[in-house]
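Please look at the sequence and the 3D structure together before reading on. The paragraphs below go from the overall layout to single contacts.

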Amino acid sequence: MGTWHKYEKKHCRAGWVVTLAGEQGRELEEFYDPCLAAMLIYDASCPGFKINPARFYDDNDAALADMKRLAGEYD
């Protein structure tokens, strides 16, 4: 999770947030950086949730577990 843009079809959690936001996500990433762009996208998507940017560096298992937990909270 510590390497940005190393793979075309694999992203860390922040990378997926930016990628799924499309062109606007890419523009945010270019203007700021991947981490801040992802935080801004999370904030716009779910104003009641503030993500800790350290979560962007979780390993795959921890990231997936946290996303599943959040999905249950925000259903």
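Predicted model: local features only at pLDDT ≥ 70, side-chain atom pairs only at ≥ 80, totals over all residues.

Residues are numbered from 1 along each chain as its sequence is written, and side-chain values use heavy atoms, with hydrogens and water left out.

The protein has 4 helices and 0 strands, and from the N terminus on its elements run α-α-α-α. Helices (H or I, at least four residues) and strands (E, at least two) are DSSP runs, numbered from the N terminus. Of the 75 residues, 29% count as buried. Here buried means under 20% relative accessible area, exposed means over 50%, and partly exposed lies in between (1.4 Å probe, protein chains only). The protein exposes about 5300 Å², and carbon and sulfur atoms supply 56% of that area; the areas come from the Shrake-Rupley method with a 1.4 Å probe, and for residues only the protein chains shown count as cover.

Turn now to α3, which covers residues 34–45. This helix has 12 residues and reaches 16 Å from its first C-alpha to its last, close to the 16 Å expected at 1.5 Å a residue. The expected span is 1.5 Å times one less than the number of residues. Which residues of α3 are buried? They are Pro34, Cys35, Ala37, Ala38, Ile41 and Tyr42. Seen down the axis of α3, these buried residues fall within an arc of 165 degrees, so they line one face of the helix. The arc is taken from the directions from the helix axis to the C-beta atoms. The buried residues of α3 pack against α1 (13–20) and α2 (22–31), where a contact means heavy atoms within 4.5 Å.

Helix α1 has its own buried residues, namely Arg13, Ala14, Gly15, Val17 and Val18. They pack against α2, α3 and α4 (60–73). After α1 comes Gly22, whose phi is positive, near 70 degrees.

The last topic is charge. Side chains of opposite charge can pair when their charged atoms come close. A salt bridge is a side-chain nitrogen of Lys or Arg within 4 Å of a carboxyl oxygen of Asp or Glu, and a search of the whole structure finds 7 of them. One of these joins Arg13 to Asp66, with the closest N and O atoms 2.8 Å apart. Arg13 lies in helix α1 and Asp66 in helix α4, so this pair ties together parts that are 53 residues apart in sequence. Arg13 is buried, with a relative accessible area of 5%, and Asp66 counts as buried at 5%.

Asp66 also forms a salt bridge with Arg55, the closest N and O atoms being 3.5 Å apart. Arg55 sits in the loop between α3 and α4, 11 residues from Asp66, and is partly exposed at 26% relative accessible area. Arg13, Arg55, Asp58, Asp66 and Arg69 are linked in a network of salt bridges.

Another salt bridge joins Glu23 and Arg26 (2.3 Å, N to O). These two residues are 3 apart in helix α2, so about one helical turn separates them. Glu23 is partly exposed at 43%, and Arg26 is partly exposed at 34%.
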